[in-house]
Amino acid sequence: MNWSQLFASSIGKKITMALTGLFLIIFLLVHCYVNANVFFSNPEENFNRAAHFMGTNLLIRVTEIGLFLGFILHIVQGYKLELQNRSKRSVKYAVSSGNVTSKWYSRSMALLGTLILLFLIVHLIHFWVPSRFGGLTEVEYDGKTYHNLYGQMQDVFAQSWVVVLYLIGCFSLSWHLLHGIQSAAQTFGWAHKNYMPVIKNVGAAFAIIIPLIFALMPICLHFGLSLDAGSLTLLF
Amino acid sequence: MQHYTMNLTLKVWRQRNNKDAGRFESYPVNNISSEMSFLEMIDVLNEKLITDGGDPIAFDHDCREGICGMCSMVINGRPHGPWEETTTCQLHMRAFKDGDMITIEPFRANAFPVVKDLAVNRGAFDRIIQSGGFISVNTGNAVDGNSLPIDKDMADEAFAAAACIGCGACVAACKNASAMLFLSAKVSHLSLLPQGKPEKKQRVVNMIAQMDKEGFGSCTNTYACEAECPKGISVVNIARLNREYLGASLSGD
Amino acid sequence: MLDSKIPVGPVHEKWTKYKGTVKLVNPANKRKLEVIVVGTGLAGASAAASLGEMGYKVKAFCFQDSPRRAHSIAAQGGINAAKNYQNDGDSVYRLFYDTIKGGDYRAREGNVHRLAEVSTSIIDQCVAQGVPFAREYGGLLSNRSFGGTQVQRTFYAAGQTGQQLLIGAYQAMERQVALGTVEQFTRHEMIELVIIDGKARGIIARNLETGELERHFGHAVLLCTGGYGNVFYLSTNAMGSNVTAAWKAHKQGAYFANPCFTQIHPTCIPVSGDHQSKLTLMSESLRNDGRIWVPAKQGDNRKPNEIPEEERDYYLERRYPAFGNLVPRDVASRAAKERCDAGYGVGSSKQAVYLDYAAAIQRYGKAEVSKRNLGNISAEAITNLGKEVVKEKYGNLFNMYEKITGENPYEVPMRIYPAVHYTMGGLWVDYELKTTIDGLYALGEANFSEHGANRLGASALMQGLADGYFVIPYTLGNYLADDIRTSNIPTDHPAFVEAENKATERINKLMSIKGKQTVESFHKRLGKIIWDKCGMARNEEGLKQAIAEVRALREEFWSDVRIPGEINEFNPELDKAGRVADFIELGELMCLDALERNESCGGHFREEFQTPDGEALRDDENYMYVAAWENKGVSDWVLHKEELKYEIVKPSQRSYK
C-alpha cells in the first residue's frame, strides 16, 4: 500500500486529523507559555519582548508557515470528514440516544471546531494582523523598539463583549481538546487497556489547564488583576 | 421478582421496501406481561394486526437467545434497547412500565438498506469478512491442536473479540455509521492468535478498503459502539486495528 | 431391507479402507461440477468451504440474512474429540463406545466409529482456523466433562462453542466466496427438489426478500438443514429452523428415518406463560458443577434457600450414583418429569426443578483460598471468591438466565425444566451420507445416522463438522466421479419447469385460503398436540389420538389459515406458513413412528415399555432396526427397515447407576 492510498482511506483521514491536531497542540503550549508572562511581574515588557521574539525569530517564522498549513489541513479535512460521515445515514433517527452512550462534545467536534475557527478569525484580526501589517503603537526597552502588543491587549480586552467571546472560544477549545487528545491517541493505536486511562487523564488535564490559562488572560487584563509575584524565566 | 402487566403505545417505523419513503405509525398494545421478551410483545401485536386484516411488522429475528445476531431494531434511540450488553431478543418487558410510549426504528445506515419495516440488509458485513476476515487454511492442512501453545490471556482476549455476533448495533449506534468496531473485533480476534499472524497485514488493509467501499463512515472515537455492543466488545480493539493499519501501511510495499 | 453400504472389514479399518479405495475426481473435472449446499450451519458451511477448497463450484443457500446466523451458533457447551489430552483413558474406541451406548444401541457401528476417528482432526482444523478454544495457563487446550461419559473430552470456548466453531466454518466459506468457488445466496429458502432421471439435479429456491422463485442446477444436492425440533412449536431451536427442505426431499422419495427420536434437553429455562415463543437452553456443562434437586416434600412452597439440606432430594445423585448429575440427557429429562408429575415440582408452574450452584461456589471458593494462600478469611469472602470462579466459567449463561427470569442465579438456585432440543431422526442416509435419492445427500442434524435414539452432549457439533469437513469431501467424489460427463443441465429443462410450477401452485393455494386463523396459532396447536402426546413420554392411545388430531389440524390449516401481504414481497408470514404446513405433515409421521416402535429406547419413551424402576425397556429382539419411512401420498407411508448389526459392542440395558 502506498502513501496516497493510506491518506485516502478512512483511517488515513483520521491520522491526518490526529497528526495536525497534535501539531496544533504544540503551538498551544508555546502560545500559552508566552501568554503566561502577563500574570507575573513586569508583564508589559516581558510580554512585548516575548512577542517580539516570536515575531522575528527566523525558525519561528518558518514554523509559522507550517502552523498555518496545519490549521488549514485540520480545518479542511475536518469539514470534509464531517460532511462525508453525515452522508452515511440519509434517514436520521427520530429518537436520539442522547448522552447515554457517548459524550456530547465527542459528537460535536465540528461545531466546537467551528466556534474555535470563528474565535480564531476575530483573534487574528485583533492581534496578528496589526502586528504583521502595522497599526500597533511602539515602545522602547534598552534602546530597542518593540510593538506594544500588551497595550493592544489592554485596549481590546477593555471591551466586555470581547472578553465573553474569548471565554466562549476557550470553552470550545477545552471541549475540543477533551475529545481530541484521547481521540488522537486512539487513532494512533496507543490505547492499550492499561495505558488508556493514563492517556485519557493526562489529556483531560491538558484540555482543562491550557484553556484555563488562556481564559484567565482576558479576565486579568479586563479587571486589571496581576499576580506580580515573580517572573517566568525568560528565553527571549 | 414482581410480575405486572402494562399497556403501551408503540410508534413503529413502517416501510414497504427499499424504494418506499417510510413513516411512523402508532399502535396500542395492551395486557403485556413483564415476563415477555420484547419480541414476544411484537408477536402479540403482529397476531392482532393479522387477525384485524392489517400488515404485520416485519423484523429480523432467529435464535431468540442473544447469539445469532439477527435481531436488530433501535428502541427509543438505543440499538437493542435500554439494557446493557443485551440483544433485542433478550430484552424483557420488565424494562418498561405501564403507559410507556416506545419508538421503534430500524438500524439506520446507508450501508444497511431497509428490506422492509425493521428488517435491514447487512450483506456488507459478509463482504467485509470475504475481504480478509479469515485464516487461509484448507481442510486437512492442520497440525495437532496442541502443537502450538497459546498464552491463555492472549487466547482469552482473542475470544473476547471473537464473541462479536455481527449484528450491526455498532453501526446503528455510531453517528457516522462506521463499522470499525465490527472490523476491529475480527482483526483483533485473528491477529492476536499466532495462526492469524502471517496474513495480518493484507487482512487489515483489505478489510478497511472494503469497509470504505461499502459506504460506512469513519470512526471519530465517540465510543457509542462500545456502549451499545450487546457482547461488550471493547474499543481497545479499534486502537489495535488503527495501529495495525498504520503499521501495515508504513511497512508494506 | 435397506442397504447402508457399510464397508466390510473390522470396524476400525472401514473408513481407512474406504478412503483408500474410493473413486476420485481430478482437479480439472472438479471445476466443471456444481454442488448445491442448502443450509450454512456447521455441516453446510464446513461442506461448502471444503468442497470449494477442493475446486468444486458450490452454491450455498441459507434462509437467514447471513450464513453466520445458522442455529449451530447457539450451541453452548462444547465439542467432543477423542484426543485423550487429559490422559484419563479416552480413546477413539471409548468415544465410539460411549456414543453407541448413549444412543441406546440404535445407531450404526460403522458410522459412529468413523465419527470418533475423525473427531481428532476436527479440533486440529478448528484450532488452525483460529477458533479460540479455552486454554490452560500452560497454553494447551482445556477440556471439560459432559453428560454420559466418564472422561474429559469436551473442548469448549466459554459457553459459546457453537458460535466460535460456526464462525470458523463461516470464515472458511467466505474465503471461498472471495475466491469465487462458492456462491452464496442469503435469504433464500429451498422449496422444491428437482429430480431428473432419478437423480437430484437442482432445487427451486425462493428469494425471501422479493418472493421470486429461482431455479438452480447442481450435479449433486447436499441438505444441511438441521433438525425439526420446531414441530413442537416450543423448542430451543431458532424461530426459523424448519424441516421444509428435508420434507420436500422426503415427499420426492427420500426416506425419513426414526422421526420419533427427539431429544428433550434437561436443563432449559421453564415456560413462563402463554406468550412464550421459544425456550432457552442452559448448557449441559452446568451439570458439571450444579446439583439438581427438588424438595423432599410434595408441594413444598418455601423459598429454595429456606429448605434445609436434609429436606432436599438430589434425585439424580440418589438414583444414579455412578454418573450422578451427569447422566445422559434422556435419563435426566425423564427423571425431572417424573418428579414434577409426582408433585415435587417447584416455581409458580410447578413444572421445574432446581439447579443449584451454592455447593460449587463454596467448593471453588475454598479451592481459591488454598490456591492463593489466603489463610483464614471470612465465609463471605470465600463465597465471593467462589462466585468469581463460577462467573468466569459460566458467566454468560448466568447472565442470560438473569435477563430472562429476573432472578440472580448466584444467590437463588436456577429453575430448569426439560425442553425439545435436538432431533436424532432425519433423512435416511447410507454410509456415504447419501439419501435414497441418488445425488441427494444429508449432513449434520438433517440426517439420522450417528446418534441412535439419544445424542450425547457435545456430539452434535462434532457430527456436523465431521460430515462437512471430513466425510462428504470423500464420499461425494465417489458419486461425482461417474458424473464428470454430465454437462450442466439448463434450467429450462421440463423437470425444472414442473418443479417450479408445483411450488408456485402451492404458494398460490396458501395465499388464496384467506381464512381467519394465523399461522402462529396453528403452529402452537400442533406443538401442543405433539408435546403432550409424542413428547417425553408416549403411549399407544395418546399417539392414536394425536394422529387423528394432527390430520384434523391439517385440514383446518388448509381451509382457514390467514396469510397477510403479497407473494412478491418480503413476507415472513408466508415463509412461516409453508414451514408450518410441512411440520404438520411431519407431526403425523412422528406419531406414526412412535406408535410403530413398541419399545422404549433413548429419547423415545413408551410408557407401556419400562422396567419396574421406570427405566427405558428396549426390545432388541424386534426393534433393533432403523425405521425408514417412504412417503406415498397424503397420510400414506410405507415402512422400510434397516437392520442394525452390532459386531463390536454387545447391546445391554443401559445403566448409569
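Predicted model: local features only at pLDDT ≥ 70, side-chain atom pairs only at ≥ 80, totals over all residues.
**Exercise 1. Describe the extent of the interface of chain A and chain B.**

Solution. 
Step 1: Count the residues. Chain A brings 39 residues into contact with 49 residues of chain B.
Step 2: Take the area. The two chains bury about 3,600 Å² between them.
Step 3: Carbon and sulfur atoms account for 55% of it.

**Exercise 2. Find the salt bridge across the interface, then describe the side of chain A that touches chain B.**

Solution. 
Step 1: Apply the rule. It finds one salt bridge between the two chains.
Step 2: Name the partners. They are B:Lys175 and A:Glu82. Their closest N and O atoms are 3.7 Å apart. The cut-off is 4 Å, so the pair counts.
Step 3: Locate the helices. Six of them, H1, H2, H4, H5, H8 and H9 of chain A, each supply at least two residues of this side. H8(A) gives the largest share, five residues.
Step 4: Sort by class. This side of chain A has 14 nonpolar, 17 polar and eight charged residues.

**Exercise 3. Which helices of chain A each supply at least two residues of the nonpolar patch?**

Solution. 
Step 1: Look at the patch. It covers about 840 Å² of surface, and its residues include A:Leu111, A:Leu115, A:Phe133 and A:Ile168.
Step 2: A:Leu115 lies in helix H6 of chain A.
Step 3: Name the helices. They are H6 (109–133) and H8 of chain A.
Step 4: H6(A) provides the largest, seven residues.

Key
Residues numbered from 1 in each chain as written. Chains lettered and ligands numbered in written order. Heavy atoms only, no water. Contact = heavy atoms within 4.5 Å. Buried area = accessible area lost by both parts, 1.4 Å probe. Salt bridge = Lys/Arg side-chain N within 4 Å of Asp/Glu carboxyl O. Helix = DSSP H or I, 4+ residues; strand = E, 2+ residues; numbered from the N terminus. Nonpolar A, V, L, I, M, F, W, Y, C, P; charged D, E, K, R; others polar. Patch = residues over 30% accessible without salt bridge, like charges linked within 9 Å, V, L, I, M, F, W, Y side chains within 5 Å. Areas by Shrake-Rupley, 256 points an atom, 1.4 Å probe, with all protein chains shown as cover.
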